[in-house]
Amino acid sequence: MGTTRGEIVAATLAVLDEHGLDGVTMRAVATRLGVQHNTVRWHASSKGRLLELASDELLAHCLDEPLPEAFPDRLRELSRRCRAALLSHRDAAKMVAGVFAAEPHTLRYADAVIATLLAAGHSPRTAAWTHWSIFYLTLGLTQEQQAAQETAPALHPDQTPAASYPALAQVLPHVGPDSFDQRFEFALGLIIAGLSRAEEPHGPGTGGDVGDSPAD
């Protein structure tokens, strides 16, 4: 029996964990599987395609039941699962940020998040943009977190003396490597709380308030 696409993707994620994103190559994946380079190319025509497939696989279990039914608990849980999926492999957030994976798992995840927002009464625009806002938040914060696992935090107290950077020095204890979970929950909460102000006006020239939302 020949090598399957699933085996190719699993090997790609294994190479990612072992060598980081820079170490993921078609040849490295073939070597890990003990197959010819052309075997990998049969399933993924380029490294970019390989990364798309691996990125999509990361979100494969984000919709597993049980999931909360009610909004906003359902949105929070979906977002947390996405972040957990990215944290499950080295450099995964960096990998996902570098590709456009219009693949089944990714599309189903996006559909589930947007459906959750639509069911809560939000407009199509608000539902779409809220999904992307949360996804970009998740990618950015997770990239920072995964980088911090391999290097020292970006800022040290001696880099931000209070005499020169008084505001930064004051908040520095709140942006350390141990606060990523809290920062994610805080930002996610801000986005959810802001949904009541995110709807479009009722129409041109009507004087509708941007804050008038059917889902306060």
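Reader: What percentage of the 216 residues of the protein count as buried?
Author: Of those 216 residues, 39% count as buried, where buried means under 20% relative accessible area with a 1.4 Å probe and protein chains only. Please note that this is a predicted model, in which local features need pLDDT of at least 70, side-chain atom pairs count only at pLDDT 80 or more, and totals for chains, interfaces and linings use all residues. Residues are numbered from 1 along each chain as its sequence is written, and side-chain values use heavy atoms, with hydrogens and water left out.
Reader: How many helices and strands are there in the protein?
Author: The protein has 10 helices and zero strands; these are DSSP runs numbered from the N terminus, helices being H or I with at least four residues and strands E with at least two.
Reader: Which residues have the most contacts inside the largest nonpolar core?
Author: They are Leu50 and Met95, in a core of 44 residues. Such a core is a set of buried Ala, Val, Leu, Ile, Met, Phe, Trp, Tyr and Cys residues joined through side-chain atoms within 4.5 Å. Its largest share, six residues, comes from helix 1.
Reader: And what does Leu50 touch?
Author: Leaving aside residues up to four places away in sequence, Leu50 touches Ile8, Thr12, Val24, Thr25, Met26, Val29, Val40 and Ala44. Contact means heavy atoms within 4.5 Å.
Reader: Turning to packing, at what angle do the axes of helix 7 and helix 8 cross?
Author: They cross at roughly 135 degrees and come within 9 Å. Axes are lines fitted to C-alpha atoms, for helices over the stretch in contact, with angles from 0 to 180 degrees between N-to-C directions. That makes helix 7 oblique to helix 8, given that under 35 degrees counts as roughly parallel, over 145 as roughly antiparallel, 65 to 115 as roughly perpendicular and the rest as oblique.
Reader: Which residues make that contact?
Author: Helix 7 contributes Tyr109, Ala110, Val113, Ile114, Leu117 and Leu118, and helix 8 contributes Pro124, Ala127, Ala128, Thr130 and His131.
Reader: How do helix 8 and helix 10 run, roughly parallel or roughly antiparallel?
Author: Helix 8 and helix 10 are roughly antiparallel to each other. Their axes come within 11 Å and cross at roughly 170 degrees.
Reader: Where do helix 8 and helix 10 meet?
Author: Among the residues involved are Ile134, Leu137 and Leu141 in helix 8, and Phe180, Phe184 and Leu188 in helix 10.

Definitions and conventions
Buried means under 20% relative accessible area, exposed over 50%, partly exposed in between (1.4 Å probe, protein chains only).
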